[in-house]
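Colleague: I want to learn how to read a few features here. Show me the model, then take my questions.

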Amino acid sequence: MIRRSVLTSVRALGAAVALLLAGADPGLAQATGTVQGLVTSQADAQPIPGIEVQVLGTRVYGVSGADGRFQLRSVPAGPRAIRVTSIGYLTVDTTVVVIPDQSVILDVQLARTVIAMDEIIVTGTPGAQQKITLGNAIGTIQAGAMEEAPIQTLAELLTARTPGLTLMSNSGQAGSSSNIRIRGAGSLNAGYEPVFYLDGVRIESGLVESGSTYQGGSALDFLNPDDIESIEVLKGPAAATLYGADAANGVIQIITKKGRRGAESAQWTASAEVGQSEWLESTGDYQTYWRCSVANQASSSYPGCQSPSTLQWWGKGKDGKAELKTGIPEKDIIDVGDGTFILRDNPMFRDPNALRVGNLQDLNVSVRGGTGRAGYFLSFNSSDEQGVFHNNFSKRMGGRANFDVQVSPTLDLTTNFSYTQTHLMQPLNNNASNSINRNAMRGKARGPTGPWAPGYLGFSPALANEYDNQNRLERTTIGMTGNWMPFEWFRHRLTLGMDRQSYRETTFYQQDTTGRAPWGAIAATGAVYHEIPVIHRWTVDYSGSVDRDLNEDFNSVTSAGMQLNARRYRGFFADGEGLVANNL
């Protein structure tokens, strides 16, 4: 079934590419000129970088550089409508006359605006559209313009950014996942996860392995937030109309940074961040108590209660001998009279094996620029985060390369490539029976001793830290988009893409030295389990649009298209006794 779908996709791809290339010849032969100029602010006449300048009715556009200057090459000769747009500024439309083999000067001043209805967004139809022309509920997050606290993951970037989008964090551990919902859950049985697209290519967005005992990571963590230009969230029924029935729970479209055609320069960006995270005692109350009765004090099963008599401890000046014998600070012993006292304990914060100070290191380097007909964006990222638990860390290293080129006045091509490696180690779930958190909260203050350590109901932190579950992921995403406009009123868009991820999930149990087989009889002899899935997802998406003015006041846009998504899963599981394959 999958092979047949892929073969059909290749045939459709060949026909579509031939169609696009066939439309390039007429544009290349047409007489062209150049439009160049300066974009400044109306308020203070200062140059404005990053402003898009487009020749309407063609695929020719450029972006102003750091000095506010732009240059548009291969502009068809004759009267041409020019549109200057950017978020936060009023759109300016003007007309120039382009003379063959000559340059036309166009200087533009932009005024600030707080109204977002003119904002340009990306939908399932070819070409960008203004919000004011749509009846759909679309939320926009301009990630590239944010100057806030450091953001390490896509989940952090999405949190509290747009109405109707809810992120339910499963844990505060490094590399932990979040459940993402748009407008709540729609069914008791069906899933509620939205569909994710990266530059028009559908990507895998579920959890990277999770279980009842450990917290899984998110498949979206391969994305570097610094590479993201904007995020658009489709929340209404239009999501299913534009992207198919799978998108009934909404669509999140991620647009990465592109080059800047016409900027005639390169902009380098580098950043390095370091930080620490610490679980303070004031964050949560994990104190436990135990009443030491006279009978408990006489029993060897309650070592914390084996202090001198209550009268000697409290009635003879607290000479310190009891503290030396029991190791219990004086502030944690509360006298209640009648020969009885209460022990107070906070095992998570007195045991050095329970918590640590986590460290974060993040490095980003990118370059963005272009010439009159081509643009590029290149980036490299390395991130290393250690959680507050000793067996918790999340590492990511990868890069991205985005290229776009104007083949002719009516045709442009965009190529996106990213490669990422992640390495994740997760401790036991906070609600797992043997986790540090749960055992500390359910413990009894140094009184009845458990099989492993006083104060904890079950496993001590030293034993819980032996849990070794690691995930090593390799992710490659490739996309190519062609936009062809043979006529001013007729547009085509074809997107081809592949998202491939392979990871190795390893759970290791060292040989037991306690004689109690805490992880089970089989694991006590030493065991290692591997799960090695490989997931491919292919995208072929074509759409065409007819845009006609009915009269001076009404405009009509009619779109039609085809979308093919194919997914293949191949998994291997090894437990030392053999290798089992599973294909879906």
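Colleague: In which strand does Y289 lie?

Modeller: Y289 lies in strand 21, residues 288-292. Strands (E, at least two residues) and helices (H or I, at least four) are DSSP runs, numbered from the N terminus. Two ground rules: this is a predicted model, where local features need pLDDT of at least 70, side-chain atom pairs count only at pLDDT 80 or more, and totals for chains, interfaces and linings use all residues. Residues are numbered from 1 along each chain as its sequence is written, and side-chain values use heavy atoms, with hydrogens and water left out.

Colleague: How do I read a sheet?

Modeller: Strands of a sheet pair through backbone hydrogen bonds, either parallel or antiparallel. Pairing requires at least two DSSP bridges between two strands.

Colleague: How many bridges join strand 2 to strand 5?

Modeller: 4 bridges join strand 2 (residues 52-55) to strand 5 (residues 78-85). E52 has T85 as its bridge partner in strand 5.

Colleague: Which phi value does D199 have?

Modeller: Its phi is near 50°, positive in a residue other than glycine. D199 sits in the loop between strand 14 (195-198) and strand 15 (201-202). D199 is buried, at 11% relative accessible area.

Conventions:
Buried < 20%, exposed > 50% of the residue type's maximum accessible area, 1.4 Å probe, protein only.
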